[in-house]
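Subject: Handing over the model, with notes

Dear colleague,

Here is the structure I promised to pass on to you. My notes on it follow below, and I would be grateful if you could read them with the model open beside you.

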Amino acid sequence: MSTFAVISDVHANLEALDAVLADVARRGIVSVYCLGDVLGYGPNPCECLDRALDWHLTVLGNHDMAAMFDPDGFGASAERAIFWHRARLESADEPRAARERRWNFLAERPRSHRAGDFLFVHGSPRNPLNEYLFPEDVYNQRKMARVGDLMERYCFCGHTHVPGAFVQTGDDAGAWEFFAPTEVHDFWRFDGRKTIINVGSVGQPRDQDWRACYVTVEGWDVNWHRVPYDVEATAAKIYAVPDLDNFLGDRLREGR
Ligand SMILES: [Fe+2]
C-alpha cells in the first residue's frame, strides 16, 4: 500500500473536513480511508457525505448507523442531532438523485475492512461499531487481552476522538501501553508488536486541542497531523439550528 491518509469522526463539520482534505492534497496523497461517523452532531451532513463518496474506504460509525436505524444509547443532544440529520437527508429540498445516492452509500458501508496487515474499524476489533478504547483501558488487562486476540497485528480506529497509540508491550497478552501523540512527537513506527492507532477526530476533537486531527501512513510509519480550521464558522452554523445544542458548538473551541 502506498501512502494514505486515515481520518475519522468528521461529524458533519464541513470546515474541519475541507481543511483536512486540503492538507491531505497538499501532501500529494490521494487515498483517504475514513473510520466512520461522517454524520452526527454537526451542521453539514449532506455535504460531508458527498465528500465521502470519493474516498477509498469509509467504514460505518455508530452515528451513521443511527441515521439509518434508531439511535442506541445516545444522549439527548446526540439523538436530537441525528434525527435532524435524518430529516436533512430526507428533505425534499435535496434533489432526489442526491438523496438516493447518499442513502445507498450509507447502507453499503462495511463495519470493518482489512487490507494487508491493517484492520480498519470505527470502535474496536471486538465490537467495530460501538466499543470505546480509551487510554485508561490499558489498565483493564482482560479487555485489552480480548481485543488483542481479535486482531492480527495492526489496527486503525476512531470513536473516542482521542488520538494515540495502544501497543502490546509484553509476553502477557493483557499488557498494553498507551502513548498520546504529544508524547511521541506525533510519530509512530509499527514494529511487529500488536498496535492500535487511534487517528483522532476531524470534526470534534476531545483531547483539549481544537484543531482537526488525522494521520498519514507511509510504509510502517504513522504521523498524526493537526489542522486549524474556521471553528467560529462551524459554531455559528450550529447555533443557528435549533435541533443542534449550543454545547455542540461550544465544545469545538476547546476540543472537549
Ligand atoms: Fe464519533
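The buried residues of helix α8 are Leu248, Gly249 and Leu252, where buried means that 20 or more other C-beta atoms lie within 10 Å of the residue's own, exposed means 12 or fewer, partly exposed covers what falls in between, and the C-beta atoms are placed from the backbone. These three residues span an arc of only 100 degrees around the axis, which puts them on the same side of α8; the arc is that of the directions from the helix axis to the C-beta atoms. On the other side of α8, Phe247, Arg253 and Glu254 are exposed. Helices (H or I, at least four residues) and strands (E, at least two) are DSSP runs numbered from the N terminus.

Please bear in mind that this is a predicted model, in which local features need pLDDT of at least 70 and side-chain atom pairs count only at pLDDT 80 or more, while totals for chains, interfaces and linings use all residues. Residues are numbered from 1 along each chain as its sequence is written.

The buried residues of α8 pack against α4 (76-90) and α7, with two residues taken to be in contact if their C-beta atoms, placed from the backbone, lie within 7 Å. Helix α7 (residues 231-239) and helix α8 (residues 246-254) pack at an angle of about 170 degrees, and their axes are 8 Å apart; axes here are lines fitted to C-alpha atoms, for helices over the stretch in contact, and angles run from 0 to 180 degrees between N-to-C directions. That angle makes α7 roughly antiparallel to α8, given that angles under 35 degrees count as roughly parallel, over 145 as roughly antiparallel, 65 to 115 as roughly perpendicular and the rest as oblique. On the α7 side the contact is made by Val231, Thr234, Ala235, Ile238 and Tyr239, and on the α8 side by Asn246, Leu248, Gly249, Leu252 and Arg253. By class, the contact of α7 with α8 has six nonpolar, three polar and one charged residues, where Ala, Val, Leu, Ile, Met, Phe, Trp, Tyr, Cys and Pro count as nonpolar, Asp, Glu, Lys and Arg as charged, and the others, Gly among them, as polar.

Just after α8, Gly255 takes a positive phi of about 65 degrees. Gly255 and Gln204 are 51 residues apart in sequence, yet their C-alpha atoms are 6.7 Å apart in space. Gln204 lies in the loop between β10 (195-198) and β11 (212-218), and it counts as buried because it has 25 C-beta neighbours inside 10 Å. Leaving out residues up to four places away in sequence, Gln204 touches Asp9, His11, Asn13, Tyr41, His161 and Leu252.

With 22 C-beta neighbours inside 10 Å, His161 counts as buried. Asp37, in the loop between β2 (32-34) and α2 (45-52), also has a positive phi, near 55 degrees, in a residue other than glycine; with 30 C-beta neighbours inside 10 Å, Asp37 counts as buried.

Turning to α2, its buried residues are Pro45, Cys48, Leu49 and Ala52. Seen down the axis of α2, they fall within an arc of 100 degrees, so they line one face of the helix. What covers them includes α1 (14-26), β2, β3 (57-58), α4 and α5 (96-107). The axes of α1 and α2 come within 10 Å and cross at roughly 25 degrees, which makes α1 roughly parallel to α2. Leu14, Leu17 and Leu21 in α1 meet Glu47, Cys48 and Arg51 in α2, a contact that divides into four nonpolar, no polar and two charged residues.

For the chain as a whole, the secondary structure comes to eight helices and 12 strands, and buried residues make up 43% of the 256 residues.

With kind regards
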